[in-house]
Amino acid sequence: MNHRASSPGSDRVRPRPTPADRLAELVEQKAWSLPLLPDAILRVINATSDPGCGARELTEVIRRDASLTGHLFRVASSPHYAGQVKLVSLQQAVARLGVATIREIALVVSCQGRVFSVPGHERAVKEMFRHSLATAIVAQEIARTRRWNVEEAFLSGLLHDVGSAVILQALVDIHVELEVPLSPEGLATATAANHAFVGGCLVEQWQLGPALVGAIRHHHDPAPPPTLGRPVALLQFADAVAHLLLDESDDRPVRTHAALTTLNLYPDDVDRLLARRVEIVTAVEAIA
Ligand SMILES: [Fe+2]
Ligand SMILES: [Fe+2]
């Protein structure tokens, strides 16, 4: 006789995992579906990190990707970038706007179309993208005035919340699998708890460099590793400024931000940055 088979509780059905259990498992095993870094982004990053990269080389790199070319040309032709001038070709856009601006637009449109993309949740993802773009522009502005690496600042802002898009997609899949509805509260809690870690892992898998990985992984960490210093402080502060510019009215979190000391920013510097609110918001609206 099989005593085990009849022992009390042995035929109990295992409790169904909750969406939170499934997500925790997925994050622990890093088993989320990894959005591929679009080839075009890598090619643009590689080409423009070469100081010899000129307008012609960059045009060639972009041209190899037809959808990037079309989207990039549309953004470059917007009044925000082209002003009153009517652009007629990609080559003319690159020559007129310069390598740095075209690089920036190329990164933005590649991310917008392919990394920040969750079918059925376009509105939520658009909000994430607008916030990320605002963070990128603010980080870049601060880096420009301080003569820090503007490209790295822009990219860290653009990708800092990329983990949120990945978690949204993962949760959508988990809820379909478990046949339970996805609540906005459940999504917000899961995203808040995991997006920095997941985003850091993604950027690591994309091999975008340890400074970017560290800054993204620790961008909500109140005590980030001291070795990360400025990159993470810049990202944390730009993140707070982007929230203020797009969706908040209380400027105290920005004016009293802990990162101000590390960034060596004084109240006058913050005033100057916040005075550019309309300009920054207009740039976000023009693209996202
Ligand atoms: Fe974040
Ligand atoms: Fe953020």
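A: The model is predicted, and what follows is computed from its coordinates. Asn264 sits in the loop that links helix H16 (259-263) to H17. In sequence, Asn264 and Arg230 are 34 residues apart, while their C-alpha atoms are 9.9 Å apart in space.

Val270 is partly exposed, with 18 other C-beta atoms within 10 Å; the buried class would need 20 or more. When residues up to four places away in sequence are not counted, Val270 touches Val254, Arg255 and Leu265. Val270 and Ser117 are 153 residues apart along the chain, and 33 Å separate their C-alpha atoms.

Helix H18 (residues 277-287) holds Ala286. Ala286 is also partly exposed, with 13 other C-beta atoms within 10 Å. Leaving aside neighbours within four places in sequence, Ala286 is in contact with Ser78 and His80. From Ala286 to Ser156 the C-alpha distance is 20 Å, across 130 residues of sequence.

These residues belong to a chain with 18 helices and zero strands. The C-alpha trace spans about 85 × 45 × 30 Å along its principal axes. Of the 288 residues in the chain, 39% are buried. Among contacts between residues at least 6 apart in sequence, 65% join residues at least 24 apart.

The chain is divided into domain 1 (37-115) and domain 2 (118-288). The centres of the two domains, taken over C-alpha atoms, are separated by 23 Å. Where they touch, 10 residues of domain 1 are in contact with 13 residues of domain 2. On the domain 1 side, helix H8 (residues 99-115) gives the most, with six residues. By class, that side of domain 1 has six nonpolar, three polar and one charged residues.

The largest nonpolar core has 79 residues, and Ala106, Val138, Ala139, Leu158, Leu234, Ala238 and Val241 touch the most other members. Domain 1 (37-115) and domain 2 (118-288) both give residues to this core, so the core lies between them. In soluble globular proteins, nonpolar side chains tend to be buried together. Leu234 is in contact with Ala139, Ile142, Ala143, Ala153 and Leu263, once its neighbours within four places in sequence are left aside.

One helix pair can be described in the same way. Helix H2 (residues 19-28) packs with helix H12 (residues 184-205) at an angle of about 5°, and their axes are 12 Å apart. H2 and H12 are therefore roughly parallel to each other. The residues of this contact divide into seven nonpolar, two polar and no charged. On the H2 side they are Pro19, Ala20, Leu23 and Val27, which meet Gly186, Ala190, Asn194, Phe197 and Val198 in H12.

Gln207 lies in the loop between H12 and helix H13 (210-217). With 11 C-beta neighbours inside 10 Å, Gln207 counts as exposed. The phi of Gln207 is positive, about 55°, although Gln207 is not a glycine. Arg147 is placed in the loop between helix H9 (122-146) and helix H10 (150-159). Arg147 is exposed, with 7 other C-beta atoms within 10 Å. Its phi is near 60°, again a positive value in a residue other than glycine.

Notes:
Residues numbered from 1 in each chain as written. Chains lettered and ligands numbered in written order. Predicted model: local features only at pLDDT ≥ 70, side-chain atom pairs only at ≥ 80, totals over all residues. Core = buried A, V, L, I, M, F, W, Y, C linked by C-beta atoms within 7 Å. Buried ≥ 20, exposed ≤ 12 C-beta atoms within 10 Å, placed from the backbone. Domains from an automatic or database assignment. Contact = placed C-beta atoms within 7 Å. Axes fitted to C-alpha atoms, helices over the stretch in contact; angles between N-to-C directions. Helix = DSSP H or I, 4+ residues; strand = E, 2+ residues; numbered from the N terminus. Parallel < 35°, antiparallel > 145°, perpendicular 65-115°, else oblique. Nonpolar A, V, L, I, M, F, W, Y, C, P; charged D, E, K, R; others polar.
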